[in-house]
Every structure is written in C-alpha cells, then in structure tokens.
Number of protein chains: 2
Amino acid sequence: MRKAKVRINDENLQVSAEILRALAHPLRMKILEFIDKHKTINVNKIYNTLKLEQSITSQHLRILRLADIVQTSREGKFIHYNINYPKVAHVVKAVDSFLEEDK
Amino acid sequence: MRKAKVRINDENLQVSAEILRALAHPLRMKILEFIDKHKTINVNKIYNTLKLEQSITSQHLRILRLADIVQTSREGKFIHYNINYPKVAHVVKAVDSFLEEDK
DNA sequence: CTAAAATATGTAAATAAAACGATGTAACAA
DNA sequence: TTGTTACATCGTTTTATTTACATATTTTAG
C-alpha cells in the first residue's frame, strides 16, 4: 500500500519538533498514560497516585496543554484533564508519513 | 477495529522518551528527511546541501545514531547514512498504542 | 611517507529545560 | 468573612542540550 508522502518545510519542522518535545519526557509520558487510562482525571489524583510533586505535575501538564496534547475542563475546584486524541493521532501520523520507506 | 493496548513500565517510558527526544529537533528532522529522500547519502552531501556546519551535522547524526534511528556504512572515505525504518516504525507504533482511545 | 578529504570527537560557552520551593488565584465550605 | 482545597504560576537553582570551534581519526591520492 502506497502512502502519501508529506514534504515538510521549516515551519512544519519547528512545530512537529515542538510537539515531539512535549511528548519526549518520561514523566509526561507517564502522566499521559495515566490520564489515558482514566479517560478524564483531576490533577490531585494524578500527582497523588503517581507520587509526584504538585507543582512539578502542574508544570508538566502545562507543557502538554500548550502542545495541545491534553485538554481541560473545570468542575468546581477540580480541573479535569483528558487527552486530545485527534492531536495525538495527528502527531503519530505525521512522524509516520514524514519518514516513510514506501515512496 | 480494537487495538491492543500496551501498558508501559518505567523503563519503557525512559527508552521511548529517549527516542522521541532524538527525533524532537528541527535540524535532526530536516536531516532525517533529507536522508530519507535519498535513501542513502554521505555526510558531505547532507551539510553542503542543507547549508549546515560540518561538526554540527556530525553531532546531530551522532545523536540519531545513538538512538538507532539511522545506520551507517563506510565506503572508502565516505560514510553513508540511511534510516533504520523498522526502528522508526516501532517508535510510531509505540506512541500510537501507548495513547489509544479505543480500549 | 606526506598531504588532503571526509568524518568524528573534545570541550567551552550559550541556551533551554527541569526541579524546587514559595506565592497566587479560584472555588467552595464553615 | 475566613479558612481550606485544588490548581497554576513565579523566581531561582540545577541539570541537560545545543552550538561553535579546534583537534583527532581514517582513508585515499600523490
């Protein structure tokens, strides 16, 4: 099956690299997996369960938010995090088609 | 289509993050794309065509080599770089299944 | 053997990211 | 109100990455 090949310009490279950077941290991946596992979950649960510092957790969540990898919704005092699956799928697809043996 | 869900341990997280980090740099992505485009190519062609410094190019290639994203073969004075597609595919698949909506 | 070409590596300086602790803000409960 | 909980952000220190330049290594040509 022949796949479409995406030719990438410098701006795209910058953006793609930024998103990959956001993913490329063990703690962030762990947090993401945790959110994923629960579909939606608040910050307290994340850092208590994973035994992380509150501020560190918030900072990593911020990076994920800025990269648009997660989304939030407030419910009273709580802020629920959930994964932006379309975005993740997009990233995966981008890396996939960016380097593709079958031209 | 239901996909297999990979539960990931700390070591896997570390390894995945390392590979993603190697990918997550605009210049490295540019170099990778260039290698990809040519299937196999030497360092000279890379830095001359992309207008990069020789040592910087070598240093980024080193990072890609250590992450096992590219492979090399020597032919006389020249060292040919080519992409380790199975590895890239593996990374893509890992990210893909790591965060997967369909459980 | 010596010189030059192709590539890699060492290292210092610059820059960026991470961690840490403290403070800020919003929502709610008393 | 005031206090407390949930979360975010700020300022600083620590650590990692990137760049830049010089030097080293390997191979080949002369």
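In which loop of chain A is Lys51(A) found? The legends below describe close-up views of a predicted model, and the first of them gives the answer.

**View 1. Lys51(A) and its backbone angle.** Lys51(A) belongs to the loop between α3 (43–49) and α4 of chain A. Although Lys51(A) is not a glycine, its phi is positive, at about 60°. The residue counts as exposed because its relative accessibility is 71%, and a value over 50% is the mark of an exposed residue.

View 2. Helix α2(A) covers residues 26–38, which makes 13 residues. At 1.5 Å a residue the helix should span 18 Å, and its end C-alpha atoms are 19 Å apart, so the two values agree. Several residues of this helix are buried, among them the nonpolar residues Met29(A), Ile31(A), Leu32(A), Phe34(A) and Ile35(A). Arg28(A), Glu33(A) and Asp36(A), which count as charged, are also buried. After α2(A) comes Lys39(A), with a positive phi near 70°. Lys39(A) is not a glycine, and it is found in the loop between α2 and β1 (40–42) of chain A. Lys39(A) counts as partly exposed because its relative accessibility is 41%.

**View 3. The salt bridge between Lys87(A) and Asp68(A).** A search of the whole structure finds two salt bridges over all chains. In chain A, the side chains of Lys87(A) and Asp68(A) meet at an N to O distance of 3.9 Å. This pair links distant parts of the chain, since its members are 19 residues apart. Lys87(A) lies in helix α5 (residues 85–98), whereas Asp68(A) lies in the loop between α4 and β2 (70–75). Asp68(A) is partly exposed, because its relative accessible area is 33%.

**View 4. The salt bridge between Lys87(B) and Asp68(B).** In chain B, Lys87(B) forms a salt bridge with Asp68(B), and the closest N and O atoms are 3.8 Å apart.

**View 5. The protein surface near DNA strand C.** Around DNA strand C there are 24 residues, of which His60(A), Asn44(B), Gln54(B), Ser58(B) and Tyr81(B) come nearest. Sugar and phosphate make up 68% of the atoms of DNA strand C that come within 4 Å of the protein. By type, the residues of this surface comprise six nonpolar, eleven polar and seven charged.

View 6. The side chain of Gln59(A) instead approaches a base, with an N or O atom 2.9 Å from a base nitrogen of DNA strand C. The elements that give two or more residues to the surface near the strand are α4 (54–66) of chain A and, from chain B, α3 (43–49), α4 (54–66) and β3 (78–83). The largest share, six residues, comes from α4(B).

Notes. Residues are numbered from 1 along each chain as its sequence is written. Chains are lettered from A and ligands numbered from 1 in the order in which they are written. This is a predicted model: local features need pLDDT of at least 70, side-chain atom pairs count only at pLDDT 80 or more; totals for chains, interfaces and linings use all residues. Side-chain values use heavy atoms; hydrogens and water are left out. A residue is near a molecule or strand if one of its heavy atoms lies within 4 Å of it. A polar contact is a pair of N or O atoms within 3.5 Å; within protein, one must be able to donate a hydrogen and the other to accept it, and residues adjacent in sequence count only if both atoms are side-chain atoms. Helices (H or I, at least four residues) and strands (E, at least two) are DSSP runs, numbered from the N terminus. A salt bridge is a side-chain nitrogen of Lys or Arg within 4 Å of a carboxyl oxygen of Asp or Glu. Buried means under 20% relative accessible area, exposed over 50%, partly exposed in between (1.4 Å probe, protein chains only). The expected span of a helix is 1.5 Å times one less than its number of residues.
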